Amino acid sequence: MNRNNIFIHLALALVLILVAAFAGQLNRWQKDWKSRGVGIVPATDKKRPTTVTEIGLNETRSFSRPEVLVKFRSGVSQETIEGIAARFHDRIEDRIESDPGLEAIDDLDNVDAATVVAEYSKLPEVEYAEPNFEITLDANEEPLVPVFPRDPQFSDQWALQNSGQRGGKEGADISAPLAWAKTTGSEDVVVAVLDTGVDYNHEDLAGNIWTRPAGMSPYHDDELGTIDDENGYNAIDNAADPMDENGHGTHCAGIVGAEGENDLGIAGVNWKVKIMPLKFMNAGGFGSTKDAIEAINYAIDRKKAGVNVRIISASWGSTQRSRALEEVIRKAYENDILFVAAAGNASTNNDRTPHYPSSYNVPNVISVAALDRHDELASFSNYGAKSVAIAAPGVEILSTWLGNQYEEKSGTSMATPVVSGVAALILSEHPRMSVDELRKKILDSTDPIVALKGKTVTGGRINAAKAVE
Amino acid sequence: MSNKDNAVENARKDLAKRLKVDASNVKERSVEDADFPDMSLGAAEDGEMSGQMITPGWRIRLEADGKTYEYRADKNQLRAYKFKGKNHRI
């Protein structure tokens with residue numbers, strides 16, 4: 001190596017040392033600027049206001065933003081908290097006044113949030129630490145806006161929207177307006193109301209009554225003969241006319257599907273649906289097991305003939321078990337028909353004293369208890385941690401009655417068509433859903449209610465909005 | 001359709017017939033308004049199903065031969081409640 005080469009190498013080494021020193025100083029300057037809140041922060045790290053609404057939320061784990069929420073144990077002083085933050089080279093960005101000890105902490109070293117959480121979680125002074133999840137609206141989903149019908153007596157339908165009317169508990173309802181933002185029902189879904197018949201001429205029901213499709217043969221039974229079942233079936237008289245002589249069936253039908261947005265009376269859970277009136281109970285409101293079986297058999301026959309009967313609503317029962325009735329309900333299951341049944345009104349535990357048909361152990365049966373407007377189990381309602389699936393509003397329920405009238409009635413009879421109606425709403429969105437899927441969807445779509453804990457299988461009140469998600 | 005007075009009178013006649021005594025020996029002990037749990041007034045016969053709607057009516061208690069008997073009625077029906085262990089629709 002000659003003398004000139006030595007000088008060149010020394011000069012290069014000096015330049016490298018100077019560059020390294022300058023870079024180190026730059027890094028220190030940057031940290032200093034950031035600690036004063038004036039640093040150049042990547043756009044993704046900037047604090048953005050988050051929008052939180054009750055609907056359409058998606059939780060995104062935003063680990064790119066080094067911010068955590070740390071809850072210090074009770075008794076840990078603010079001085080200690082600040083000392084810990086300083087030790088980790090972190091900044092306390094905010095104190096949550098409503099929850100003493102909860103601090104929003106910003107890491108200044110660009111360490112990922114998971115690491116910061118792990119560091120804080122190890123400290124004895126810390127109760128818990130978690131990333132500050134970023135909450136955003138799903139870009140593909142518009143937030144649902146509740147829909148309210150213009151039916152004049154809708155404001156009295158606390159079951160659909162409880163605004164605290166008549167001293168009730170606000171929100172103790174099935175969230176119908178939010179469900180209606182997604183669907184108000186479909187005329188393709190047929191709900192059989194197996195009851196005292198239905199006043200199919202009622203002005204708030206007439207447009208939603210099922211009519212046998214043109215081209216479909218009248219109902220024929222080898223023993224009973226042929227019946228011109230234009231609007232359903234009367235099993236008492238083995239006749240075509242299912243006109244209601246009591247009012248109970250008309251009331252239940254209105255809950256399922258009084259026409260919505262028609263400037264008349266009330267709105268059903270479904271504004272549009274097809275109600276198939278099946279009559280097996282007389283003017284007194286009672287009927288025989290044999291006639292109930294005949295009517296269910298009719299519904300199955302029509303299903304096989306092509307009518308989209310997917311739900312039987314059964315607001316009736318007794319404590320007497322009938323194997324024949326159980327078997328025909330099983331036949332309905334095999335034909336993809338849900339069977340929604342009243343739990344009964346004896347204030348008793350169905351786990352110990354079964355009530356039928358709601359207590360039959362058949363996969364399509366949903367047993368329904370009744371709630372009042374305060375989210376309490378109705379004083380009369382049967383219950384059962386193993387045998388009663390779900391609860392729905394069933395006290396002081398306004399619905400259609402004979403002669404274009406409207407009346408308030410109470411019973412698990414009234415809670416049952418609420419669940420039947422929600423089932424129909426689900427099917428309007430998911431027409432191919434199997435009966436097993438439908439039942440599961442309903443049982444998975446509840447709001448937990450304190451009064452129902454240990455009283456029903458789900459411990460919850462049906463929520464229509466969740467059901468149609 | 002029936003009213004409370006008719007229901008009480010019919011209940012007395014029915015009890016007299018069941019006990020095979022003269023109707024004058026059947027005394028009215030009490031008649032009260034009641035909400036029954038269902039549309040068979042909580043007195044379903046064998047094989048009978050009824051709407052599970054709270055049903056207003058009357059609880060009628062009659063006395064004969066030193067015993068008390070209960071009848072249940074509403075505007076549509078009259079029932080003997082657990083007469084010798086069984087319910088009867090009249």
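Helices, taken as H or I runs of at least four residues, and strands, taken as E runs of at least two, are DSSP runs numbered from the N terminus. On this basis chain A of the present model, which is a predicted one, has ten helices and 21 strands. Of the 469 residues of chain A, 46% count as buried. Among contacts in chain A between residues at least 6 apart in sequence, 72% join residues that are at least 24 apart. The domain assignment of chain A gives domain 1, covering residues 52–137, and domain 2, covering residues 154–467. The centres of these two domains, taken over C-alpha atoms, are separated by 50 Å.

The largest nonpolar core holds 104 residues, and within it Val368(A), Val419(A) and Val422(A) touch the most other members. Helix H8 of chain A, which spans residues 412–429, supplies the largest share of this core, namely ten residues. Apart from this core lies another, of 13 residues, which includes Leu69(A), Ile84(A), Val116(A) and Val126(A). The 18 residues of H8(A) reach 27 Å from the first C-alpha to the last, which is close to the 26 Å expected at 1.5 Å a residue. Because 17 of the 18 residues of H8(A) are buried, this helix is largely enclosed by the rest of the structure. When residues up to four places away in sequence are not counted, the contacts of Val368(A) include Thr412(A), Ala415(A), Thr416(A) and Val419(A), and they also include Val340(A), Ala341(A), Ala342(A) and Ala343(A). Ile390(A), Ala391(A) and Ala392(A) are likewise among the residues that Val368(A) touches.

Strand S15 of chain A, residues 338–342, is mostly covered, with five of its five residues buried. In a regular strand the side chains alternate between the two faces of the sheet. In S15(A), Leu338(A), Val340(A) and Ala342(A) point one way, whereas Phe339(A) and Ala341(A) point the other way, and all of them are buried. S15(A) is joined by four bridges to strand S13 of chain A, residues 309–314, and these two strands run parallel. Within this pairing, Val340(A) in S15(A) is the bridge partner of Ser313(A). S15(A) also pairs with S16(A) in the parallel sense, over four bridges, and here Ala341(A) stands opposite Ser367(A) in S16(A).

The loop between S15(A) and S16(A), the latter comprising residues 365–371, contains Pro357(A). A cis peptide bond, with omega of about 10°, joins Tyr356(A) to Pro357(A). Most residues other than glycine have a negative phi, and most peptide bonds are trans. Since a residue is buried if 20 or more other C-beta atoms lie within 10 Å of its own, Ser175(A), with 22 C-beta neighbours inside 10 Å, counts as buried. With 12 C-beta neighbours inside 10 Å, Lys82(B) counts as exposed.

Contact between the two chains involves 16 residues of chain B and 27 residues of chain A. On the side of chain B that touches chain A, strand S2 of chain B, residues 48–51, gives the most, with four residues. By class, this side of chain B has six nonpolar, seven polar and three charged residues. S2(B) pairs in the antiparallel sense with strand S12 of chain A, residues 286–288, over three bridges, and Glu48(B) in S2(B) is the bridge partner of Ser288(A). These strands belong to an open sheet of three strands with antiparallel pairing, in the order S12(A)-S2(B)-S14(A). S12 and strand S14 (316–317) of chain A stand at the edges of this sheet, and each has a single partner strand, so one side of each is left without a neighbour in the sheet.

Conventions. Residues are numbered from 1 along each chain as its sequence is written. Chains are lettered from A and ligands numbered from 1 in the order in which they are written. This is a predicted model: local features need pLDDT of at least 70, side-chain atom pairs count only at pLDDT 80 or more; totals for chains, interfaces and linings use all residues. A nonpolar core is a set of buried Ala, Val, Leu, Ile, Met, Phe, Trp, Tyr and Cys residues joined through C-beta atoms within 7 Å. Two residues are in contact if their C-beta atoms, placed from the backbone, lie within 7 Å. The expected span of a helix is 1.5 Å times one less than its number of residues. Domain bounds come from an automatic or database domain assignment. Ala, Val, Leu, Ile, Met, Phe, Trp, Tyr, Cys and Pro count as nonpolar, Asp, Glu, Lys and Arg as charged, and the others, Gly among them, as polar. Two strands pair if DSSP finds at least two bridges between them.
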